[in-house]
Amino acid sequence: MLPPLCFTADFRVYHMLSSKLKYDLSASTFSPDGRVFQVEYAMKAVENSSTAIGIRCKDGVVFGVEKLVLSKLYEQGSNKRIFNVDRHVGMAVAGLLADARSLSEVAREEASNFRSNYGHNIPLKHLSERVAMYVHAYTLYSAVRPFGCSFILGSYDQDDGPQLYMVDPSGISYGYWGCAIGKAKQAAKTEIEKLQMKDMTCRELVKEVAKIIYIVHDEVKDKAFELELSWVGEVTNGKHELVPKDVREEAEKYAKDSLEEEDDSDEENM
Amino acid sequence: MAACMSANRSENAFSANDLVPEWAQEEVSTGTTIMAVEFDGGVVIGADSRTTTGAYIANRVTDKLTPIHDHIFCCRSGSAADTQAVADAVTYQLGFHSIELDEPPLVQTAANLFKQMCYRYREELMAGIIVAGWDKRKGGQVYTVPMGGMIVRQPVSVGGSGSSYIYGFMDSNYKPGMTKEECLHFCTQALTLAMERDGSSGGVARLAAITEDGVERRVVLGNQLPKFSNV
């Protein structure tokens, strides 16, 4: 039974039982229980998107993105979800891809201006704080909407080592050893927690990241997907780049084999 | 010997402008000899202490070694006003940057800030600066930012009008791998030689050693400077 409809003076229609609808029309309004609904709705947009994970290990950072392929007509490799922000910084996104592209430009400008002014690579903590500040600014006014994407930034530097930060639509940035965003983030986090990432190298981690993406991918609801893998670390001499073809194939093979093993072991238990 | 005796020279000669004497129209210049040396674990910096307005010594005990941050100093040569203004601006910018990063700033950052300003305003400024200090990443570093606004890192660098007279001494006496005390001795000797020959350099020799533990300053008074000539 649908709740009764109410018509307001300016012809907006809402369901009478949802009282929060008075407070969720603009980012410049708090609800009585202290929430900004527009920001929460933005985070829902991220949760509708497919999963992206980033893990930091002993000597680098690895990103993995489950890129759902909606049509067989798409060219392979289009609509990348991992961006290069600077030579030593990579960014993996989840949520509205257009919003994410705009933010990647913001991040690129920040990193570039920093180098121009101060003469060295931007520290990742500073970059993530600057971009987070930008994202936060869009949660303050009714004239604009918040960004509907979260992203994970990763870098590798001679002096700071590997770094991993995540920024969400509310404009906060968090530092991580491993994090996941998107629809299967809970399942992915559970898998990530099982890893001893501080003792692993990038080469070992790449395989594990591929495996986690394959595990959390829902074969029933979403059919085809492309696995986007990238890394930055000692193995790439500090340069962020997509994983080379042979490493990718090895990682995907490991992932597929591990899944089959788990299926087999399930059968044995029965 | 090129000694110049001008019997008719008057210190109160007026030029085209009637209101003030010529010497008061000259810009205040840190004539100067400045230098900086890297060693393992820090840097040693040194400068003379003479500021001139034309031929008049406006300040005979100037401190040309200016702190920019806890472990970063700059040695100033050229126009006193220009270098003070630029040093103040960079001190502000670097302090802000350090708070934002929540980390002590890099010497390279300070040097680049000087370079940005000196290059952008190169037509208006007369400033030759040596930036030296210690940071956790690369240890002791010396960057020279001469007039015009280029930047280069060097293990040892000299600057100012008096530097012309000590390039030979520097090239023949500098050895990589010197200790802090050897560097201090090297600087004292170099400054003395320059102050001896350059009219715009003189007074006392100011030195500072910057390491991870902080800054240690020394002054070598005029009568304590090493003697090179027996005359």
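# Exercises on a predicted two-chain model

A:T51 sits in the loop between α1 and β3 (52-57) of chain A. The model is predicted.

## Exercise 1. A loop threonine in chain A

Task: decide whether A:T51 is buried or exposed, and find what its side chain reaches.

Solution. 
1. Take the accessibility. A:T51 has a relative accessible area of 0%. Buried means under 20%. So A:T51 counts as buried.
2. List the surroundings. Not counting residues up to four places away in sequence, A:T51 touches A:G64, A:V65, A:E66, A:R81, A:I181, A:G182, A:K183, A:A184, A:K185, A:A188, A:I213 and A:V216.
3. The A:T51 side chain reaches the backbone nitrogen of A:A184 at 3.3 Å.

## Exercise 2. The annotated threonine in chain B

Task: locate the residue that UniProt lists for "active site" and describe its setting.

Solution. 
1. Identify the residue. An unreviewed UniProt entry lists B:T32 for "active site".
2. B:T32 is in the loop between β1 (28-30) and β2 (34-39) of chain B.
3. Check burial. The relative accessibility of B:T32 is 0%, so B:T32 counts as buried.
4. Find the contacts. Beyond neighbours within four places in sequence, B:T32 is in contact with residues including B:D48, B:K64, B:R76, B:S77, B:D198, B:S200 and B:S201. The run B:G159, B:G160, B:S161, B:G162 and B:S163 is also in contact with B:T32.
5. Pick out the polar pair. The side chains of B:T32 and B:K64 make a polar contact at 3.0 Å.

## Exercise 3. A sheet and its helices

Task: work out the strand order of the open sheet in chain A, then say which strands stand at the edges.

Solution. 
1. Read the order. The 5 strands run β5-β6-β7-β8-β9 (chain A), with antiparallel pairing.
2. Find the edges. β5 (82-86) and β9 (173-175) of chain A each have a single partner strand, so one side of each lacks a neighbour in the sheet.
3. Neighbouring strands are turned by 25° against each other on average, direction ignored.
4. β8 (residues 161-167) and β9 of chain A pair over 3 bridges in the antiparallel sense. A:M166 stands opposite A:Y174 in β9(A).
5. Place the helices. Helix α2 (residues 97-118) of chain A packs on the sheet and touches β5, β6 (89-95) and β7 (149-157) of chain A. Its direction makes about 20° with that of β5(A). Helix α3 (residues 124-137) of chain A lies across β5, β6, β7, β8 and β9 of chain A, at about 10° to β8(A).
6. Turn to α1 (residues 37-47) of chain A. Its buried residues include A:F37, A:Q38, A:V39, A:A42 and A:V46. β6 and β7 of chain A are among the elements that cover the buried residues of α1(A).

## Exercise 4. The nonpolar cores

Task: name the residues with the most contacts inside the largest nonpolar core.

Solution. 
1. Start with the core. It has 43 residues, and A:F151 and B:F114 have the most contacts inside it.
2. Ask which element gives the largest share. Helix α3 (residues 107-120) of chain B supplies 7 residues.
3. Look around A:F151. Leaving aside neighbours within four places in sequence, its contacts include A:M91, A:V93, A:L103, A:V131, A:V135, A:Y165, A:M166 and A:I181.
4. Note the other core. A second, separate core of 28 residues includes A:I55, A:L205, A:V209 and A:I212.
5. In soluble globular proteins, nonpolar side chains tend to be buried together.

## Exercise 5. An enclosed strand in chain B

Task: explain why β12 (residues 205-211) of chain B is largely enclosed, and find its partners.

Solution. 
1. Count the buried residues. 7 of the 7 residues of β12(B) are buried, so the rest of the structure largely encloses this strand.
2. Sort the side chains. B:A205, B:L207, B:A209 and B:T211 point one way, while B:R206, B:A208 and B:I210 point the other way.
3. Take one partner. β3 (residues 42-47) of chain B pairs with β12(B) in the antiparallel sense over 6 bridges. Here B:G42 has B:T211 as its bridge partner.
4. Take another partner. β13 (residues 214-220) of chain B pairs with β12(B) in the antiparallel sense over 7 bridges. B:A209 stands opposite B:E216.
5. Trace the link. A hairpin of 2 residues joins β12(B) to β13(B).

Conventions. Residues numbered from 1 in each chain as written. Chains lettered and ligands numbered in written order. Predicted model: local features only at pLDDT ≥ 70, side-chain atom pairs only at ≥ 80, totals over all residues. Heavy atoms only, no water. Pairing = 2+ DSSP bridges. Helix = DSSP H or I, 4+ residues; strand = E, 2+ residues; numbered from the N terminus. Axes fitted to C-alpha atoms, helices over the stretch in contact; angles between N-to-C directions. Contact = heavy atoms within 4.5 Å. Buried < 20%, exposed > 50% of the residue type's maximum accessible area, 1.4 Å probe, protein only. UniProt positions renumbered as here; feature names shortened; annotations may be inferred. Polar contact = N/O pair within 3.5 Å; in protein donor to acceptor, adjacent residues only side chain to side chain. Core = buried A, V, L, I, M, F, W, Y, C linked by side-chain atoms within 4.5 Å.
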